[in-house]
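Subject: Structure handover

Hello,

Here is the structure I promised to pass on.

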Amino acid sequence: MIEHIGNQYVVARPVYSANAFGEEHKKKGRYHKTFLDHLKVCCSCSTQKAKRIALSLLPIASWLPAYRIKEWLLSDIVSGISTGLVCVLQGLAYALLVNIPPSYGLYAAFFPIIVYFFLGTSRHISVGPFPVLSIMVGATVMRLTSMADPGPVDSSNSSMSNNSLLDDHKVMVAATVTVLSGIIQLLMGALQIGFMVIYLSESLISGFTTAAAVHVLVSQLKFILQLNVPAYTDPFSLFKVLNSIFTQIEKTNIADLVTSLIVLFILFVVKEINQYYKAKLPVPIPIELIMTVIATGISYGFDFKSRFDVAVIGEMKSGFQPPITPDIKIIEGTIGDSFSIAIVGFAVAFSVASVYSLKHDYPIDGNQELIALGLSNIFTGSFKGFASSTALSRSAIQESTGGKTQIAGILSAVVVLIVIVALGFLLEPLQKSVLAALALGNLKGMLMQFTEIRRLWRKDKYDCLIWIMTFIFVTVLGLALGLAASVAFQLLTIVFRTQFPKCSTLANVGRSNIYKNKKDYSDIHELEGVKIFRCPSPIYFANINFFKQKLIDAVGFNPLRILRKRNKAVKKIRKLQKKGLLQVTPKGVICTVDSLKDSDEELDNNQIEELNQPINTTDLPFQIDWNANLPLNIVVPKIELHSLILDFSAVSFLDVSSMRGLKTILQEFIRIKVDVYIVGTDDDFIEKLTRCEFFDDEVKDSIFFLTIHDAVLHIFMKKDYSTSKFNFSQVPVETQF
């Protein structure tokens with residue numbers, strides 16, 4: 001019965017142990033589905049299920065018929081054109097990160113959009129090149145290219161032929177890695193294991209993308225300064241690149257450097273204006289397009305290539321190249337890299353898609369996103385493009401300029417298509433240093449994530465440590481190894497948190513049914529002889545010893561030591577009785593000798609197993625009060641504790657190894673006459689203990705109670721406390737019998 005008076009309530013119910021509650025409230029019989037049951041459902045077929053599967057595999061069939069032409073088409077056209085222009089420039093710029101000719105970046109900006117239009121579930125993200133993925137693919141390209149031998153060529157055109165063969169090999173590596181990462185994503189989506197991305201936390205992704213931005217920054221310095229920097233792909237490669245740049249800094253091409261700095265300055269200024277006036281501007285100022293047009297015109301008009309020896313994009317082949325077959329030899333050496341690229345690409349795309357799905361209130365499917373991205377990468381790689389995901393800045397433009405659906409995406413692909421088939425030649429005079437500056441201009445958001453450190457330090461120091469260590473690992477070890485080390489470190493922090501939980505001793509607060517950490521409150525009340533111990537984590541093989549030590553620290557003594565002391569004392573008393581040196585009188589037990597020689601070491605070493613057994617005093621003609629003075633020099637530590645309550649409300653599971661350890665701990669307390677109660681567990685917890693034959697004559701299932709207060713009231717009744725010692729008159733819980 002529950003009654004409420006104002007903001008207070010009074011509960012009148014019996015004191016419930018788990019057994020008593022189960023007897024009074026019978027559980028319903030439930031059928032738990034087995035693996036075969038789930039398999040039957042999965043393999044069953046019906047018209048509705050077939051339709052549902054078809055719509056899930058082809059999301060366009062569900063949203064395109066509901067498209068509002070009058071309301072959305074104009075917004076999608078504006079958004080598509082704006083996003084398409086950015087796609088072109090980012091495709092060219094990010095191709096430099098992959099270390100392949102810039103023209104191939106247009107393929108990476110075109111094919112993913114086409115595939116995602118039909119298969120993707122997000123209506124707002126713009127798929128295509130992403131700087132982090134580009135630098136990951138580029139690292140793999142440089143690693144395999146440095147090991148490749150282009151073979152002998154004709155000496156008359158050796159330089160040109162070598163460059164052409166090298167570029168072809170780089171394109172083949174990038175395309176093969178992209179296809180393989182797409183296959184991995186497709187398999188993950190088909191097997192419904194998109195949940196794997198949950199192991200990449202927000203802190204880890206933030207630290208990873210920030211470190212990747214640093215790699216992007218360093219990799220673009222060679223284009224800005226126009227230096228010939230060797231390829232480094234092993235750990236510490238970032239520092240080797242910096243060392244190579246600084247050792248030949250005097251060879252810097254001043255024209256490229258000045259152009260890059262001017263473009264960067266204007267980019268940052270205009271982007272700040274766009275951000276500051278985003279509420280007033282109908283569309284952001286397309287500064288990348290403006291700077292590209294101006295830089296291309298100036299480079300062509302003043303013939304920068306001949307006058308200042310600057311590096312330009314060069315020949316832009318019109319149209320598409322025939323598809324290629326991935327190289328099996330390259331696949332064998334890039335499985336690990338491709339897996340990392342697949343995971344990171346999906347994690348970034350899904351994170352951005354989740355933001356927009358929540359903002360605009362529509363569902364997205366993680367497994368379908370994997371299928372869409374996987375097929376996008378397969379098609380892109382087959383046509384000599386490189387791995388795609390979504391760029392945050394590009395998606396933001398598509399959404400902020402009014403994009404409602406992926407119609408905006410398909411229109412942006414049309415813009416890229418026009419450049420590929422008709423306008424590409426106009427970009428041939430554009431300096432590579434300008435593309436590098438455009439790539440760096442889009443890194444501000446990722447580099448500003450350094451401010452996350454202060455925020456995370458205030459909120460959660462473990463997350464802050466994950467961010468810092470991820471940044472260090474990725475910066476030092478490289479992207480692939482750094483990501484693997486970061487995930488391992490993140491999982492290690494979870495193990496550490498559960499292995500060393502913050503256990504606490506609870507006490508009654510405000511003479512109510514509320515129990516909190518006694519260190520946090522001054523108005524606390526503790527029952528004499530009762531300890532309430534809380535463990536806030538699962539108990540398993542790695543932390544059972546820590547749990548035991550914390551429990552011993554909380555109660556103030558080691559129960560096993562007390563048990564052994566008492567068993568040794570019983571042995572001495574039994575020996576005195578057999579010798580007739582103890583006499584039982586109405587006033588008590590009298591010892592007729594002053595001392596007794598015995599060897600504690602002999603008892604400890606030869607009969608240690610016997611000392612761990614329950615204390616047996618049935619053959620003695622009297623009961624031993626262990627808190628009273630014992631005869632002769634028999635010394636046993638006195639303990640005030642008679643009841644121990646273990647709050648397991650936060651213990652989600654218990655493995656078999658820790659189960660044995662927990663039972664041993666409970667037995668040790670029970671054998672020294674300390675009643676143990678466990679509270680807050682769910683029924684599955686108790687059922688698992690029953691299946692594992694946890695209970696016996698010593699440790700019984702009657703030790704489980706629903707709440708801490710139930711256990712406290714049970715102890716109160718069992719020990720028959722007087723209300724003067726602990727006044728429950730103010731407790732808003734009435735107990736009826």
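First, the ground rules. This is a predicted model, in which local features need pLDDT of at least 70 and side-chain atom pairs count only at pLDDT 80 or more, while totals for chains, interfaces and linings use all residues. Residues are numbered from 1 along each chain as its sequence is written, and side-chain values use heavy atoms, with hydrogens and water left out.

**Helix packing**

Two packed helices are described by the angle between their axes and the distance between the axes. Axes here are lines fitted to C-alpha atoms, for helices over the stretch in contact, and angles run from 0 to 180 degrees between N-to-C directions. Helices (H or I, at least four residues) and strands (E, at least two) are DSSP runs, numbered from the N terminus.

Start with H5, residues 69–98. Helix H5 packs against H17 (residues 392–400) at an angle of about 165°, with the axes 8 Å apart. That makes H5 roughly antiparallel to H17. The cut-offs: angles under 35 degrees count as roughly parallel, over 145 as roughly antiparallel, 65 to 115 as roughly perpendicular, and the rest as oblique. H5 passes H17 in a right-handed crossing. A crossing is right-handed if the near helix is turned clockwise from the far one by less than a right angle, and left-handed if anticlockwise.

Which residues of H5 and H17 make the contact? From H5 come Ser79, Ser82, Thr83, Val86, Cys87 and Gln90; from H17 come Ser393, Arg394, Ile397 and Gln398. Contact means heavy atoms within 4.5 Å. By class, the contact of H5 with H17 has three nonpolar, six polar and one charged residues. Ala, Val, Leu, Ile, Met, Phe, Trp, Tyr, Cys and Pro count as nonpolar, Asp, Glu, Lys and Arg as charged, and the others, Gly among them, as polar.

H5 also packs against H18 (residues 407–423). Here the angle is about 45° and the axes are 7 Å apart. H5 and H18 are therefore oblique to each other. H5 passes H18 in a right-handed crossing. On the H5 side, the contact includes Asp76, Ile77, Gly80 and Leu85.

Now a pair elsewhere. The axes of H9 (residues 202–225) and H11 (residues 254–276) come within 7 Å and cross at roughly 120°. H9 and H11 are therefore oblique to each other. Phe223, Ile224 and Leu225 in H9 meet Asp256, Leu257 and Ser260 in H11. That contact of H9 with H11 has four nonpolar, one polar and one charged residues.

**Serine 395**

Serine 395 sits in helix H17. Is serine 395 buried or exposed? Serine 395 is buried, with a relative accessible area of 0%. Buried means under 20% relative accessible area, exposed over 50%, and partly exposed in between (1.4 Å probe, protein chains only). Leaving out residues up to four places away in sequence, serine 395 touches His124, Ile125, Ser126, Val352, Tyr356 and Thr390.

**Cysteines**

Cysteine 503 counts as buried, at 19% relative accessibility. For cysteine 692, the closest cysteine sulfur is also in cysteine 535, 18 Å away and too far for a bond. Cysteine 692 is partly exposed, at 35%.

**Single residues to look at**

Most residues other than glycine have a negative phi. Phenylalanine 236 has a positive phi of about 70° although it is not a glycine. Phenylalanine 236 lies in the loop between H9 and helix H10 (237–247), and is partly exposed at 46%. Arginine 511 has a positive phi of about 50° and is not a glycine either. Its place is the loop between strand E5 (504–509) and strand E6 (515–517). Arginine 511 is partly exposed at 23%.

Last, leucine 491, in helix H23 (residues 479–499). Leucine 491 and leucine 200 are 291 residues apart in sequence and 9.9 Å apart in space, C-alpha to C-alpha.

Best wishes

Conventions. A disulfide is a pair of cysteine sulfur atoms within 2.5 Å.
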